[in-house]
Every structure is written in structure tokens, then in C-alpha cells.
Amino acid sequence: MHGVGMRDKKHFTKDSIQIAPFVLLPSPFPSTEFNKAIELQPILNELMHKVAHDDKFLEHTLQNALQVDEFTANLYDIWVKVRQEGITQSIMLGLFRSDYLMQCTEANRIKQVEINTIASSFGAISSELPAMSRYILRQLGHGDLIKNMPVNNALSGLCAGIVQAYDLFDVASAIILFVVEEVSYNICDQRFHEFEISEKRPDIQIYRKTLNEIYVETTLNDKKQLVLDGRPVAVVYYRSGYEPAQYPSSREWDARLRVERSTAIKCPSIQYQLAGTKKVQQTLAGAGVLEQFVGGGAAACRVRDIFTGLYSLDFDEGGERAVDMALADAERFVLKPQREGGGNNLYGAEVREALLKMRHSRERAAYILMERILPPLVSGYVVRPGAPVPPPLSDLVSELGIFGVIIGTKDKIYCNRQVGHMLRTKLADANEGGVAAGLGALDSPYLLEM
Ligand code: ADP
Ligand code: MG
């Protein structure tokens with residue numbers, strides 16, 4: 001009833017949506033750690049922005065991974081091409097999300113899981129969910145507790161970013177283009193972004209196209225504008241395009257290249273997407289690297305504090321040490337390839353198995369090794385289609401995501417803000433909690449002084 005819906009993956013029909021899995025009551029989260037994450041977001045936005053503009057750093061960092069990872073290599077090739085031709089649009093729009101788990105062995109401090117620079121989804125339905133949680137709390141006679149639920153304006157904040165970029169493009173009759181999958185499951189979340197922009201700015205026309213449709217229907221004019229339906233595209237906002245499966249043929253890659261060549265403001269730009277790789281995250285955690293971007297002061301300390309152990313698996317001394325360390329105690333680690341969207345990581349015994357298999361093969365450099373974060377358990381009821389009524393009381397763990405918006409060029413930042421949050425909660429024994437991947441449930445934080 002609040003729009004917290006998704007299409008059914010198993011029995012897909014375009015004509016119906018189901019409830020998205022959600023947690024009946026908001027899950028507890030320490031308020032100090034929540035506020036810390038909120039305050040850090042502008043620093044992280046700027047960090048990613050700077051990384052994306054440091055050609056040498058990106059080149060160096062991705063070199064080994066792209067030798068063995070075709071998807072990263074394809075993205076990288078586009079970046080090389082557009083740089084050779086000359087960048088046509090210096091303004092970038094970043095809608096980022098930094099994800100955290102609480103580490104319970106360290107007195108309940110947040111640790112960063114990753115930062116996403118593409119497809120920052122669930123901002124919309126995470127903004128709708130609290131209305132339902134508030135209703136449930138009142139029905140249970142606990143309306144007084146609502147004050148502990150932080151306001152969440154993720155949807156309006158993200159859309160305001162898109163609109164600000166549109167205004168900076170400043171071409172009459174320009175449009176906004178949403179790049180969508182062939183089949184969108186997370187349809188409510190996507191559409192709410194369109195509705196929000198349209199309500200706030202009725203003058204702006206929004207198009208939705210797949211990469212294949214962009215290949216067929218768009219052109220570049222002599223001013224390098226991306227033209228669709230006779231109108232220049234001001235902003236290209238990717239809701240998809242972060243998984244190899246979304247580039248089934250060279251057409252999709254050609255479409256991506258055309259967009260990158262154009263003057264449209266891209267969200268994310270190819271540089272932002274490369275900056276959001278796991279390899280970059282791991283490299284930033286190395287001694288002195290983060291400091292190159294944020295300086296050696298208090299900001300660096302605050303960011304370092306949210307990092308957990310991250311190790312390269314390159315063929316060098318450090319890489320060998322990391323392999324030995326992981327083989328000795330695989331349960332302590334997560335092995336991650338250069339992928340997004342959930343379901344790609346390896347845990348525990350799988351880490352050991354995979355490392356034994358690829359120890360001597362180049363493939364290994366496409367992965368990073370990360371210390372496993374052990375979050376505290378909370379109990380709650382997960383409501384999902386097909387679940388028993390009432391659902392069982394289960395042990396759960398929550399992952400907090402903080403949304404950020406940044407708009408800028410290499411030298412000028414037009415806006416840099418934190419715009420809201422999301423909480424995804426999963427059964428304690430599941431490795432991953434992606435809602436789109438079918439494992440997690442949408443949730444809201446209930447802030448506690450701890
Ligand atoms: P993806 O790009 O696929 O979302 P993530 O790095 O976010 O990759 O990992 C997916 C999920 O795996 C996370 O949402 C989290 O639930 C779990 N996960 C990832 N890294 C760790 C870690 N270091 N410790 C514990 N769980 C992790
Ligand atoms: Mg993730």
C-alpha cells in the first residue's frame with residue numbers, strides 16, 4: 001500500500017507487483033554510529049570524486065585486474081577512448097551509497113562494506129517504508145517510539161541531485177534519460193524517481209531506455225550532444241549497466257561508448273564507475289594511499305576508522321602473504337571479484353577452495369580479499385511473499401547504506417551532500433543481504449543510545 005513493491009522474479013509478469021520483503025518493526029542501530037556514517041558521507045563523496053579524476057591512480061590500480069577481467073577491461077577501454085578523443089563533459093553527477101555493517105568484536109563500530117558509484121537503488125522505497133513502520137508502531141500502542149526513527153528523504157535528495165545536474169546542463173528542450181534493464185524487477189523504486197522529478201519539475205521530460213534501445217534510437221550531433229527523439233539528453237542516469245549480463249552484445253557496449261562520448265552529464269561517468277570498483281576500495285586502504293586524497297589530518301583518521309582489512313591478491317610479496325593468511329584461516333575472510341549487484345562473493349570454505357584453485361593463475365588478480373565483518377544479531381520478523389503467517393521470530397543482521405550526492409568538475413564542486421539512508425536486513429545465517437538478489441529485506445533504523 002505504500003509502494004514497497006517489486007516484480008516477482010520467479011513467476012514474472014509485467015502486470016503485477018508483489019510486496020518487497022520487509023522487516024515488520026524497525027531494527028535497532030546505535031545512534032552514534034548512525035550519525036558518524038551520516039557525517040562521513042560528504043568526505044567519502046569527495047574522496048570518490050578525486051579518485052575518479054586521478055588518471056594515474058586509476059590506471060595503476062586497475063592494471064592487473066583488467067588483464068584478467070573482461071568486464072573491467074571493457075569499461076577501461078571506453079575510458080581510454082574518451083580521454084584520447086577529449087572529454088566533452090567535465091561535470092559529473094555522483095549518486096553514491098556507502099554501505100556499513102557493525103563490527104561487534106570492536107565495541108560495535110561501523111565498518112564499510114563497500115561504496116557504490118552505480119545503481120544506488122532502493123532510495124525511493126526506503127523513503128516510503130517508514131510510513132508503514134510508523135503505522136505499525138502506533139497500532140501496537142508504541143506511537144511514542146516513532147521519535148527514534150530518523151527522517152529519511154533519500155528519494156527527494158537523490159532526485160534533487162539529478163535535477164541540479166539537469167539545470168547545470170542548461171539547454172532548453174533537453175531531457176533526462178534513465179537507462180534501464182530489459183526487464184526491471186525493482187520497478188517501483190525506479191518509477192518513484194521519475195514521479196518525484198516530474199512532480200517537482202513538470203517542465204522536464206523523462207525517457208526510459210535500455211542500452212539496446214539507446215544503440216538504436218540515439219545519435220550524436222555535431223555538438224556531440226546525445227540526441228533522442230530530436231532532443232538533447234542533459235542527464236543519463238543508469239539504473240542498470242553494472243553487470244556483464246547487461247551487455248549481452250557489442251551493441252550495448254557501443255551504446256555505452258556513445259553516451260560517454262556525448263556531452264550528457266552521466267550518472268555515473270565511466271570514471272566514477274571505475275572508481276567504484278572493489279580494487280580501488282582495496283588500494284585506498286593501503287598505507288598512505290587514502291591520505292593522498294584526503295590529506296593526513298582528521299578526515300583521514302575518520303575514514304581509516306571505518307576500513308576493515310583489505311588485501312590485494314596481485315603476484316607480489318603482499319599478495320602471497322594475503323593468500324597464505326587466507327588459507328590459514330579462511331573463515332576470517334571474504335573473497336570478492338570486480339562485480340556489483342550481490343551474489344558474487346565467496347565466504348569461508350569457498351575462499352579456501354577458490355584460492356587453492358587459482359593460487360598460481362593470473363585470474364587471482366581480479367579478486368580482493370577482505371576481512372569478514374561480524375555484525376551483532378537482532379531479532380525480528382521478516383515479512384515476504386510466501387512466508388508463513390505470522391512469520392517466525394528470527395536472528396537478523398542489518399546493513400546500513402548512506403546516500404550521497406556530488407556534482408562537480410575536476411576543479412569545482414557544485415554540491416556535495418548526504419541525502420538519506422537505507423537499512424537492509426537479512427537472516428543471520430545468510431552470507432549476503434541484497435534485496436534485489438532475493439536475500440535481504442527492507443528495514444528502517446530505530447536509533448538507540450548504546
Ligand atoms: P556487491 O557489489 O555484490 O553488493 P558487496 O561488497 O556489497 O558486493 O558484498 C555483498 C554483500 O556481502 C554485502 O551486502 C554484505 O552482506 C556481504 N559482505 C560483503 N563484504 C563483507 C565483509 N567484509 N564481511 C561480512 N559480510 C560482507
Ligand atoms: Mg553491495
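The model is predicted, so I kept local features only at pLDDT of at least 70 and side-chain atom pairs only at pLDDT 80 or more, while totals for chains, interfaces and linings use all residues. Residues are numbered from 1 along each chain as its sequence is written, chains are lettered from A and ligands numbered from 1 in the order written, and side-chain values use heavy atoms, without hydrogens or water.

**Ligand 1.** I looked up the shell first, taking a residue as near if one of its heavy atoms lies within 4 Å. There are 21 residues around ligand 1, and K278, K336, G342, Y347 and E399 come nearest. I sorted the shell into six nonpolar, five polar and ten charged residues, with Asp, Glu, Lys and Arg as charged, Ala, Val, Leu, Ile, Met, Phe, Trp, Tyr, Cys and Pro as nonpolar, and the others, Gly among them, as polar.

Next I checked polar contacts (pairs of N or O atoms within 3.5 Å). The side chain of E340 has an N or O atom 3.0 Å from a ligand 1 oxygen, and for the side chain of N345 the distance to a ligand oxygen is 2.9 Å. A nitrogen of ligand 1 sits 2.8 Å from a polar backbone atom of I373. The protein covers 96% of the 540 Å² of accessible area that ligand 1 has on its own (Shrake-Rupley, 1.4 Å probe).

**Cores.** I then went through the nonpolar cores: buried Ala, Val, Leu, Ile, Met, Phe, Trp, Tyr and Cys joined through side-chain atoms within 4.5 Å. The largest has 71 residues, and L284 is among those with the most contacts inside it. Another core, of 46 residues including F403 and I407, lies apart from it.

**Q282.** Helix α10 (residues 278-284) holds Q282. Q282 counts as buried because its relative accessibility is 8% (buried is under 20%, exposed over 50%, partly exposed in between; 1.4 Å probe, protein chains only). Leaving out residues up to four places away in sequence, Q282 touches L310, Y311, S312 and I368 (heavy atoms within 4.5 Å).

**Backbone.** I found a cis peptide bond from C267 to P268, omega near 0 degrees, and another from V389 to P390, near -10 degrees. S173, not a glycine, has a positive phi of about 70 degrees.

Conventions:
Polar contact = N/O pair within 3.5 Å; in protein donor to acceptor, adjacent residues only side chain to side chain. Helix = DSSP H or I, 4+ residues; strand = E, 2+ residues; numbered from the N terminus.
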